[in-house]
Amino acid sequence: VWRKHGRDSRCDCLLATLSVGFTFLLARRVFGRAEAYLAAILCACNGVLIFYDTSLLLEPLLIFLSLLALWLMLQYQENLSRSTTFMLGIVIGLIFLTRSTFALFLPFFMAWMLSWHAGTLKKAVGHFVIMCLLALFVILPVSIRNYYSRPSHPLVLLNTNGGVTFWIGNNASSNGMYEWS
């Protein structure tokens, strides 16, 4: 497979393997050892994941980053530390660069994180703010590039495909196709 498809396939295979490993680690931590083996086997044998892992799309990266973020959130739940906050902020920023619509989950993410450390609410809010600032710092180079790429357009923080996808999926007069009018 590697020789046929080149270096990109090796990276996708590595991300898929790491995703199976993170699935195992997350399931073992949350449920138990038997469930972890079952989850890893189901992840490794899932036809949809295999399809996306062999294509040159962002889904393998998104799945890996999402599993990594969940793993870091479990670390954060146990111990409110700066290093976990920094890593989580960087990973959240990378997730936003991969799929900008994940920003819609940020309020729920904040409520979930703050519910873990209710006794140290001020400290937890501070960590959340630092995490968001780090995510914005990761996003900043893309935003600067978007700003200078076309001066006639307004500032686009990440990308503009979220509105188009929303329009195609929810507009009664849409034909389901992406086309310029």
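Q: By class, how many nonpolar, polar and charged residues does the lining of the second largest pocket have?
A: This is a predicted model. In it, the lining of the second largest pocket has twelve nonpolar residues, one polar residue and no charged residues.

Q: How much space lies in that second largest pocket?
A: The second largest pocket holds about 260 Å³ of space.

Q: Which lining residues are the closest to its centre?
A: They are M73, I92, F102, F105 and F109, out of the 13 residues that line the second largest pocket.

Q: Moving on to the core: which residues touch the most other members of the largest nonpolar core?
A: That core has 28 residues, and L88, V91, I92, F109, M113 and M131 touch the most other members. The elements giving two or more residues to the core are α2 (7–30), α5 (59–78), α6 (82–98), α7 (106–116) and α8 (121–149).

Q: Which element gives the largest share?
A: Helix α5 does, with eleven residues of this core.

Q: What does L88 touch, leaving out residues up to four places away in sequence?
A: L88 touches A69, L72, M73, F109, M113 and M131.

Q: New topic, the aromatics. How many aromatic pairs are there?
A: The count comes to five aromatic pairs. In one of them, the ring centres of F22 and W71 are 6.5 Å apart and the planes stand at 55 degrees, so this pair is tilted.

Q: Which parts of the chain does the F22 and W71 pair tie together?
A: F22 belongs to helix α2 and W71 to helix α5, so the pair ties together parts that are 49 residues apart in sequence.

Q: Are those two buried or exposed?
A: F22 is buried, with a relative accessible area of 14%. W71 also counts as buried, at 19% relative accessibility, because buried means under 20% relative accessible area.

Q: What about F109 and F128: how is that pair arranged?
A: F109 and F128 form a tilted aromatic pair, with 6.3 Å from centre to centre and 50 degrees between the planes. The pair links distant parts of the chain, as F109 is in helix α7 and F128 in helix α8, 19 residues apart.

Q: Buried or exposed there?
A: F109 is buried, its relative accessible area being 10%. F128 counts as buried at 7% relative accessibility.

Q: Finally, which residues form one aromatic cluster?
A: F22, F64 and W71 form one such cluster.

Notes: Residues numbered from 1 in each chain as written. Predicted model: local features only at pLDDT ≥ 70, side-chain atom pairs only at ≥ 80, totals over all residues. Heavy atoms only, no water. Core = buried A, V, L, I, M, F, W, Y, C linked by side-chain atoms within 4.5 Å. Buried < 20%, exposed > 50% of the residue type's maximum accessible area, 1.4 Å probe, protein only. Helix = DSSP H or I, 4+ residues; strand = E, 2+ residues; numbered from the N terminus. Contact = heavy atoms within 4.5 Å. 1 Å grid on protein atoms, 1.4 Å probe; cavity = no way out; pocket = protein on both sides within 12 Å on 5 of 7 lines; lining within 4 Å. Points joined across faces, edges and corners; volume = space filled by probe spheres on them. Nonpolar A, V, L, I, M, F, W, Y, C, P; charged D, E, K, R; others polar. Phe/Tyr/Trp six-rings, centres within 6.5 Å; stacked < 30°, edge-to-face > 60°.
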